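Student: I've got a new model open on my screen and I'd like to talk it through. Can we take it one question at a time?

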Amino acid sequence: MTVDFGYADHPDEAGYYAGLLAGAFMLGRMVSATPWGILADKYGKVKILKLNTIVGGLLTIYFGLAPNYWVAVIVRVLTGFFNPVVAIVKATLPKIVEKSETHRAMSFISITWAFGLSTGPVIGGWLSRWCCGSYNYVL
């Protein structure tokens, strides 16, 4: 993506800008974790999870369609801001799962998170190529 936007001449030089994109997501999460936890306690976890899942999904699609690098960075910050899902679910899980099954439920969260981290960049990269008109390959 950073090569496609012209910030790196070669894929070997793209690491710095790719790291900024990854860090932008965590910056958004860091800023919003406590306020989302307070809102989840006040208005209900399910409402907050639904809202953030929808907004986060839309922002993720927009990230893949971002017209330039800095829009992509801003969208990643916003995506991180609207991503309290793991924190809220991990806090809620012990209350809704039987004690004997808590370890399985917690590991399921890690497995699905790893799956998302593996497939998300592939989909985002494909969408960025599609947006720029250079989709010369098939997934």
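Student: Which residues form the largest nonpolar core?

Tutor: Keep in mind that this is a predicted model. Helix 1, helix 2 (45-64) and helix 3 each put at least two residues into that core. The core has 10 residues, and here they are: Phe5, Leu21, Ala24, Leu59, Phe63, Ala66, Tyr69, Ala72, Val73 and Val75.

Student: And which helix gives the most to this core?

Tutor: Look at the stretch covering residues 69-81, which is helix 3. Tyr69, Ala72, Val73 and Val75 are among the core residues. With 4 residues, the top contributor is helix 3.

Student: Leaving aside its neighbours within four places in sequence, what is Val75 in contact with?

Tutor: Val75 is itself one of the core residues, as are Leu59 and Phe63. Setting those sequence neighbours aside, the contacts of Val75 are Leu59, Tyr62 and Phe63.

Student: Is Leu20 buried, exposed or partly exposed?

Tutor: Leu20 sits in helix 1 (residues 15-43). Buried would need under 20% relative accessible area and exposed would need over 50%. Leu20 comes out at 33%, so it falls between those cut-offs and is partly exposed.

Student: Zooming out, how many helices and strands does the protein chain have?

Tutor: Read from the N terminus, the elements go α-α-α-α-α. The C-alpha atoms fill a box of roughly 50 × 30 × 25 Å along the principal axes. The tally is 5 helices and 0 strands.

Student: Which element has the lowest mean pLDDT?

Tutor: Across the chain the average pLDDT is 85, and 91% of the residues score at least 70. Over residues 135-139 the score stays under 50. Among the elements, helix 3 has the highest mean, 94, while the lowest, 82, belongs to helix 5 (residues 102-132).

Technical notes: Residues are numbered from 1 along each chain as its sequence is written. This is a predicted model: local features need pLDDT of at least 70, side-chain atom pairs count only at pLDDT 80 or more; totals for chains, interfaces and linings use all residues. Side-chain values use heavy atoms; hydrogens and water are left out. pLDDT is the predictor's confidence in each residue, from 0 to 100. Contact means heavy atoms within 4.5 Å. Buried means under 20% relative accessible area, exposed over 50%, partly exposed in between (1.4 Å probe, protein chains only). A nonpolar core is a set of buried Ala, Val, Leu, Ile, Met, Phe, Trp, Tyr and Cys residues joined through side-chain atoms within 4.5 Å.
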